[in-house]
Amino acid sequence: MPTVIFQPSGRRGLVDEGTNLLDAARQLGVDIESVCGGVKVCGKCKIKIETGFFEKFGIDSRLSNLSAFLPDETDYLNEEEIADNYRLSCCAEVLGDLLVFVPEESRGAKQVVLETGKERVFNLNPAVRKYYIEMQAATLEDHRSDAERIKDALNAKYGLPRELNFDYPILRDLPTIVREAHWKVTVTVWNRQEIILVEPGLVQRSLGLAVDVGTTTVAAYLCDLHTGQVLVVDSMMNPQVRYGEDVLSRITYAMMNDDGLEKMHAAIIDGINTLARRMTEKLDLTPELILEVTLVFNTVMQHIALGIEPSHIGRSPFTAGTKEAQNIKARDLGIKVWKAANVHTLPVEAGFVGPDNVGVLIAEEPYKEPEKMRMVIDIGTNGEIDIGNAKRLLCTSCATGPALEGAQIKFGMRAAPGAIEKVRVDPETLEASYKIIGRDEWYPELKKADVKGICGSGIIDVVAELFKSGIIQKSGRFNMKLDSPRVRKGEDGRPEYVLAWADETSIGKDIAFTQGDVRAVQLAKSALYVGSRYLMEKLGAQNLDSVTLAGAFGSYIDKESAMLIGMFPDCDLDNVLAVGNAAGDGDKLALLDVGKREEAARIAREVEFVETAIEPDFQERFAAAMAFPHSTDKFPHIEHILAKVGKK
Ligand code: FES
């Protein structure tokens with residue numbers, strides 16, 4: 001029997017002469033892409049034959065050890081590939097020893113890079129897969145039903161289990177579809193369990209939607225399940241904001257109004273439907289082409305989105321209605337995508353630490369770090385902190401409030417065109433320069449600024465810059481003795497710093513950062529700092545080896561500014577990384593790789609939740625952490641900057 005070796009996996013074995021290379025690969029456990037299942041119509045199964053004597057393997061691999069080139073192959077291989085010994089694996093039969101290289105694009109379990117705030121490499125292995133089959137037409141001698149015929153073909157060709165279920169609505173049209181398609185159909189299978197779609201002919205397109213439902217913002221990613229690429233990104237304000245700004249006020253709304261939960265549930269489902277429609281329209285497609293949806297959210301948003309009574313999460317002992325990952329039919333939730341599509345939600349860790357933090361964890365994978373002490377902070381309306389490594393991982397949740405996202409700040413706004421995203425204050429003149437989203441130049445070089453407000457990264461920058469230049473003191477109070485028109489008393493008589501004069505704005509009034517705004521940032525950063533210190537103590541960690549800043553605006557945070565205001569304990573700035581919306585990334589990974597769902601279930605069980613707000617000295621520590629960067633804790637890595645603070 002001929003020996004066949006597949007590279008780069010190195011799998012080798014003996015195969016019967018006359019076996020095609022696609023079947024040989026399957027027999028040896030090598031996954032080659034084959035959308036058409038080997039009927040020579042998709043062109044996805046390309047491989048390259050390496051020729052010569054390979055001493056290491058003891059084989060002489062030659063082109064003549066393969067069956068002759070078929071005309072079908074020229075439809076999918078260009079001249080260069082043919083000259084380079086490429087073949088379609090389903091067309092080439094083994095006649096002698098062969099060394100076969102499977103190129104990246106033909107590998108079934110492909111590694112794909114997700115390009116977001118950070119490059120993330122993952123295995124493309126979605127729950128939804130399409131399989132092309134050609135069946136024998138029904139005859140009087142063969143009494144199998146249409147459904148049995150499909151299941152038999154899937155089993156014979158792709159090794160799928162015979163126990164596959166048909167989603168009921170799919171059965172209704174089945175007899176018509178298979179006959180009109182002359183028994184050549186593409187079957188979409190979810191999770192190797194359920195047939196959710198049967199389409200005539202060969203169909204490759206497969207869309208999925210990942211949605212990150214934040215308390216304030218909903219971010220959505222339309223992905224190609226076949227290539228792993230993100231096709232469209234879109235976002236909107238969470239339409240539930242009209243029922244309350246934070247999770248507690250939404251729980252209260254649900255408790256105080258008989259139809260409160262129903263209304264808020266309908267609002268978010270409507271929002272998801274709007275995003276799905278808007279995003280598919282951009283590609284001239286329809287939402288019915290979306291075959292799976294994954295959702296992440298905090299625990300309260302999860303309960304409301306799934307229509308589960310949320311009030312018990314809001315009061316001690318903060319019990320969730322359900323913590324497990326869910327698989328729910330989109331139609332049961334009212335999500336208007338493909339009628340048989342599944343909606344997968346990641347699991348809850350504990351209380352307020354919800355599926356969104358699990359998303360952050362499976363994206364950042366601190367549990368794979370063997371030794372070093374990693375910290376991952378997800379900054380949103382609620383702040384979630386994870387500290388640890390493969391040995392032990394702790395998490396906590398802090399009530400940061402929405403200040404760092406721009407809410408509760410007088411001129412705060414979402415990260416959108418016109419928002420100030422970076423700020424510098426000259427310590428000599430106390431003059432401001434800033435950069436707004438959508439424009440490359442900085443003000444004052446920027447002639448017509450048209451500023452609308454300040455977004456999260458700008459808010460952190462402005463506080464750090466005001467502190468560095470001595471405009472606000474360590475306590476957060478303004479130094480009103482400074483001689484600058486920008487440092488003044490506002491209409492309410494309270495101190496403020498004018499960041500943009502009225503003629504630089506599109507709102508026709510001065511955009512100022514007020515004493516109240518500084519205070520709101522202090523409350524948020526103090527909550528994060530105290531939470532992280534408790535976790536470090538419980539782990540016996542003196543120092544952090546790295547800090548990852550995640551959050552919808554996370555990729556734009558200036559890490560030096562964040563440390564200067566004391567958002568997290570001291571760490572070498574070279575090891576502080578801002579990665580953007582890691583919860584959204586985790587959501588996409590769960591959509592594109594079922595392995596990540598298993599990882600999520602395991603880590604949600606393993607991470608230890610610590611309730612920090614009930615610690616006896618919490619208030620005392622909170623007060624100490626209000627100062628910039630902290631009233632007593634040291635920050636050796638930024639000492640050189642702190643030494644110059646407030647000194648002109
Ligand atoms: S598997 Fe489709 S052409 Fe080979």
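Why does Ile-272 count as buried? Ile-272 has a relative accessible area of 0%, and buried means under 20% relative accessible area, whereas exposed means over 50% and partly exposed lies in between (1.4 Å probe, protein chains only).

The structure is a predicted model, in which local features need pLDDT of at least 70 and side-chain atom pairs count only at pLDDT 80 or more, while totals for chains, interfaces and linings use all residues. Residues are numbered from 1 along each chain as its sequence is written, and side-chain values use heavy atoms, with hydrogens and water left out.

**View 1. The chain as a whole.** The secondary structure comes to 17 helices and 32 strands; helices (H or I, at least four residues) and strands (E, at least two) are DSSP runs, numbered from the N terminus. Along its principal axes, the C-alpha trace spans about 95 × 65 × 50 Å. Of the 648 residues in the chain, 58% are buried. Among contacts (heavy atoms within 4.5 Å) between residues at least 6 apart in sequence, 66% join residues at least 24 apart.

**View 2. The surroundings of Ile-272.** Ile-272 belongs to helix H7, which covers residues 260-281. Leaving aside residues up to four places away in sequence, Ile-272 touches Val-211, Val-213, Leu-295 and Ile-335. Val-337 is 65 residues from Ile-272 along the chain, and the C-alpha atoms of the two are separated by 10.0 Å.

View 3. The order of the strands is E16-E15-E14-E17-E19-E18, with mixed pairing; two strands pair if DSSP finds at least two bridges between them. Strand E16 (230-237) and strand E18 (326-329) are the edge strands, each pairing on one side only. From one strand to the next, the twist averages 20°. Strand E14 (residues 207-213) and strand E15 (residues 217-224) run antiparallel and are joined by 7 bridges, with Val-213 opposite Val-218 in E15. Helix H7 packs on the sheet, where it touches E14, E15, E16 and strand E17 (290-297), and its direction makes about 140° with that of E16. Helix H14 lies across E14, E15, E16 and E17 and runs at about 150° to E14. For these angles, axes are lines fitted to C-alpha atoms, for helices over the stretch in contact, and values run from 0 to 180 degrees between N-to-C directions.

**View 4. The packing of helices H10 and H14.** Two packed helices are described by the angle between their axes and the distance between the axes. Helix H10 (residues 355-364) and helix H14 (residues 582-592) pack at an angle of about 75°, with axes 7 Å apart. H10 is therefore roughly perpendicular to H14; under 35 degrees counts as roughly parallel, over 145 as roughly antiparallel, 65 to 115 as roughly perpendicular and the rest as oblique. Asp-356, Gly-359, Val-360, Ile-362 and Ala-363 in H10 meet residues of H14, including Ala-582, Asp-585, Gly-586 and Leu-589.

**View 5. The kinked helix H5.** Helix H5 (residues 168-180) has a kink of about 50° at Leu-174, shortly before the proline Pro-175; the bend at a residue is the angle between axes fitted to the seven residues ending there and the seven starting there. Pro-169, Ile-170, Leu-174 and Val-178 are the buried residues of H5. These buried residues pack against helix H4 (146-158), strand E11 (165-166), strand E12 (184-190), strand E13 (194-200) and helix H9 (330-333). His-182 follows H5 and has a positive phi, near 55°.

**View 6. The enclosed strand E20.** Strand E20 (residues 374-379) is largely enclosed by the rest of the structure, because 6 of its 6 residues are buried. Arg-374, Val-376 and Asp-378 point one way from E20, and Met-375, Ile-377 and Ile-379 point the other way. E20 runs antiparallel to strand E21 (residues 383-388), to which 6 bridges join it, and the two strands form a hairpin with 3 residues between them. Ile-379 stands opposite Gly-383 in E21. With strand E30 (residues 546-551), E20 pairs in the parallel sense over 6 bridges, and Val-547 in E30 is the bridge partner of Met-375.

View 7. Cys-571 is buried, with a relative accessible area of 1%. Cys-455 also counts as buried, at 1% relative accessibility.
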